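Subject: Handover of a structure and findings

Dear colleague,

Please find the structure below, together with its sequence. My notes on it follow.

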Amino acid sequence: MSDLHFTGEVLTGGDEFWVTDGEIRLSGSGGLELTGFAVPGYVDAHCHVGIVSEGEPDLVQGRSLAQQDVAVGVTVIREPGSDLDTSPLDGQPGLPRLIRMGRHIALVKRYTRGLGEQLDDSSQLVEAVRRRAAEGHPWIKLVGDWIDRAAGDLAPLWPDHVLAEAIGAAHDAGAKVTAHVFGEDALPGLLAAGVDAIEHGSGLTDETIAIMADKGIALVPTMIQIENFPSIAAPARDKFPTYHRHMTALHDRRVATFRAAWEAGIAMYAGTDAGGFNVHGALPREIAALAEVMPVQEAIGAASWRARRWLGFEGIEDGAPADVVIYDEDPRRALAAGALPEPSAVLVRGALVRP
């Protein structure tokens, strides 16, 4: 006897499956009947459950934030940087699995005060990357650019030769590297050094788009975060006018930039950057933003089956953990009309959550 039995339409193919002992089965009998449209559980590929907008985060808050993400169908969170060790939350009943990166690596006075590991000098980067890899994280996150107050604008943090050695050290240790990049100038050095992914990427140009596509470097554009650029830059309007204009321009051309990235063949994945400016549970908004630059089916896939494959998670297939989002109405039609509907049910490794 199965726990659950779904009939309807699976967006990745098929019309029926069962859930037994937390796993998908393509044959079975009995179980609680669920119907509708089924999507492999969502991935928020840039989501900080260990960062809060005010005060110090703790695991109680982290759990609450992760539950907000589960309510919209998130079953895997890629957490690109957090000072809080959220590993105790990883895979707890009813909570997403976490792909953690440990702390961001940045430079003193070149990142948000008090956040991440902030080095005194760029020469320390290689050793910092080795330490992070030794902690066992599958990914390591670098801050690739940030405002340089002396220059009055976004600027790279790391010399190209240091990046090449640091990323090589990560790869030698079996870890991948991603980088926060808002502007244009940090991208060439990171791409040449062999970075595995770019977070944000609002400064992509025709040249760097072509390099990313050719090298198979992934992009998590965090489109709803880039919508915040005018408010992020507004306090700097008078003191750093060049930075303010630059951030505003990156915001204004965001749709054209990411449409060009998609059309060039860059693999793009959905990430909300929740944990600061953006609230948790915002993945449907990010998917809707992605649908402005790619077909509806692909926008859903960027948060579901394509993102799961990228990070090594199975979809709705025999023997896979039962991570599933179920809708009463076709999410593709709803998204084409402007927004995803609310799920009627979410399965997290077979545990049924009703939003």
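A residue is called buried when its relative accessible area is under 20%, exposed when over 50%, and partly exposed in between, using a 1.4 Å probe and the protein chains only. This is a predicted model, in which local features need pLDDT of at least 70 and side-chain atom pairs count only at pLDDT 80 or more, while totals for chains, interfaces and linings use all residues. Residues are numbered from 1 along each chain as its sequence is written, and side-chain values use heavy atoms, with hydrogens and water left out.

Overall form

The protein contains 13 helices and 18 strands; these are DSSP runs numbered from the N terminus, with helices being H or I of at least four residues and strands E of at least two. Its C-alpha atoms fill a box of roughly 65 × 40 × 40 Å along the principal axes. The radius of gyration, taken over C-alpha atoms, can be set against a globule rule of 2.2 Å times the number of residues to the power 0.38. The protein has 20 Å, which agrees with the value near 20 Å that a compact globule of 355 residues would have.

Of the 355 residues, 56% count as buried. The accessible surface comes to about 14,100 Å², and 49% of this belongs to carbon and sulfur atoms; such areas come from the Shrake-Rupley method with a 1.4 Å probe, and for residues only the protein chains shown count as cover. Contact means heavy atoms within 4.5 Å. Among contacts between residues at least 6 apart in sequence, 65% join residues at least 24 apart.

The core

A nonpolar core is a set of buried Ala, Val, Leu, Ile, Met, Phe, Trp, Tyr and Cys residues joined through side-chain atoms within 4.5 Å. The largest such core has 88 residues, and Tyr42, Leu125 and Ile198 have the most contacts inside it. Helix α3 (residues 160-172) gives the most to this core, contributing six residues.

Individual residues

Thr222 lies in the loop between β15 (218-220) and α6 (223-226), and it counts as buried because its relative accessibility is 0%. Arg349 is placed in the loop between β17 (345-348) and β18 (351-353); at 22% relative accessibility, Arg349 counts as partly exposed.

Leu34 belongs to strand β4 (residues 32-40) and is buried, at 8% relative accessibility. Leaving out residues up to four places away in sequence, Leu34 touches Leu4, His5, Phe6, Thr7, Ile326, Leu352 and Arg354. Between Leu34 and Arg132, 98 residues apart in sequence, the C-alpha to C-alpha distance is 43 Å.

Two residues in helices may also be noted. Thr257, in helix α9 (residues 254-264), is buried at 7% relative accessibility. Beyond its neighbours within four places in sequence, Thr257 is in contact with Gly201, Ser202, Leu204 and Ile209. Ala334, in helix α13 (residues 331-336), is buried at 11% relative accessibility. Apart from residues up to four places away in sequence, Ala334 touches Glu329, Ala339 and Pro341.

With kind regards
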